[in-house]
Amino acid sequence: LRDVVKLTAQFVAKNGKSFLQTLIQKEQKNYLFDFLRPQHGHFQYFTKLVEQYSKVWVCCEVILIVEI
């Protein structure tokens, strides 16, 4: 489960909230994605990962722009 949470957080950080909303709708009956629900025990962990990965993406984009 931890790998699914981490990978999902990376995709959400890169693709944004609209991706997350689509994922929630598509996977609402898939128990592997229950962590997307606020009442789930791993939701806070997932949210923090998205936050941290988002910072990394922004930093990487800035570096790429500066190098180009």
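Accessible areas here come from the Shrake-Rupley method with a 1.4 Å probe. On that basis, the protein chain exposes about 5,400 Å², and carbon and sulfur atoms supply 60% of it. Keep in mind that this is a predicted model. The chain has three helices and zero strands, so in sequence order the pattern reads α-α-α. Of its 68 residues, 19% are buried.

**Overall picture**

- Take the contacts between residues at least 6 apart in sequence: 65% of them join residues at least 24 apart.
- Helix H1 covers residues 2-15, helix H2 runs over residues 17-26, and helix H3 spans residues 43-67.

**How H1 meets H2**

- Two packed helices are described by the angle between their axes and the distance between the axes.
- For H1 and H2, the axes come within 6 Å and cross at roughly 135°.
- That makes the two helices, H1 and H2, oblique to each other; the cut-off for roughly antiparallel is over 145 degrees.
- On the H1 side, the contact is made by Thr-8, Phe-11, Val-12 and Asn-15.
- H2 brings Lys-17, Ser-18, Phe-19, Leu-20 and Leu-23 to that contact.

- Thr-8 has its place in helix H1, and with a relative accessible area of 7% it's buried.
- Setting aside residues up to four places away in sequence, Thr-8 touches Leu-23, Phe-33, Phe-35, Leu-36 and Phe-46.
- Leu-36 sits in the loop between H2 and H3. Its relative accessible area is 8%, so Leu-36 is buried as well, given that buried means under 20%.
- Along the sequence, Leu-36 and Thr-8 are 28 residues apart; in space their C-alpha atoms are 9.6 Å apart.

- Lys-6 is another residue found in helix H1. At 32% relative accessibility, Lys-6 counts as partly exposed.
- Once neighbours within four places in sequence are left aside, Lys-6 is in contact with Tyr-45, Leu-49 and Tyr-53.

**Leu-1 and the nonpolar patch**

- Leu-1 lies in the segment before H1, and a relative accessible area of 48% makes Leu-1 partly exposed.
- Together with Tyr-31 and Leu-32, Leu-1 makes a nonpolar surface patch of about 330 Å².
- Why can Leu-1 qualify for a patch on accessibility? Its relative accessible area is 48%, and patch residues need over 30%.
- Beyond neighbours within four places in sequence, Leu-1 is in contact with Leu-32, Phe-35 and His-42. That puts Leu-32 both in the patch with Leu-1 and among the contacts of Leu-1.
- Leu-1 and His-42 are 41 residues apart along the chain, and their C-alpha atoms are separated by 9.5 Å.

**Salt bridges**

- How many salt bridges does a search of the whole structure find? The count is two.
- One joins the side chains of Asp-34 and Arg-37, at 3.7 Å from N to O.
- Asp-34 is partly exposed, with a relative accessible area of 25%, and Arg-37 is partly exposed too, at 35%.
- The other has the side chains of Glu-51 and Lys-48 meeting at 3.8 Å, N to O.
- Both Glu-51 and Lys-48 lie in helix H3, three residues apart, which is about one turn of the helix.
- Relative accessibility is 37% for Glu-51, so Glu-51 counts as partly exposed; Lys-48, at 46%, falls in the partly exposed class as well.

Note on methods: Residues are numbered from 1 along each chain as its sequence is written. This is a predicted model: local features need pLDDT of at least 70, side-chain atom pairs count only at pLDDT 80 or more; totals for chains, interfaces and linings use all residues. Side-chain values use heavy atoms; hydrogens and water are left out. A salt bridge is a side-chain nitrogen of Lys or Arg within 4 Å of a carboxyl oxygen of Asp or Glu. Buried means under 20% relative accessible area, exposed over 50%, partly exposed in between (1.4 Å probe, protein chains only). Helices (H or I, at least four residues) and strands (E, at least two) are DSSP runs, numbered from the N terminus. Patches are made of residues with over 30% relative accessible area and no salt bridge: like charges are joined within 9 Å, nonpolar side chains (Val, Leu, Ile, Met, Phe, Trp, Tyr) within 5 Å. Axes are lines fitted to C-alpha atoms, for helices over the stretch in contact, and angles run from 0 to 180 degrees between N-to-C directions. Angles under 35 degrees count as roughly parallel, over 145 as roughly antiparallel, 65 to 115 as roughly perpendicular and the rest as oblique. Contact means heavy atoms within 4.5 Å.
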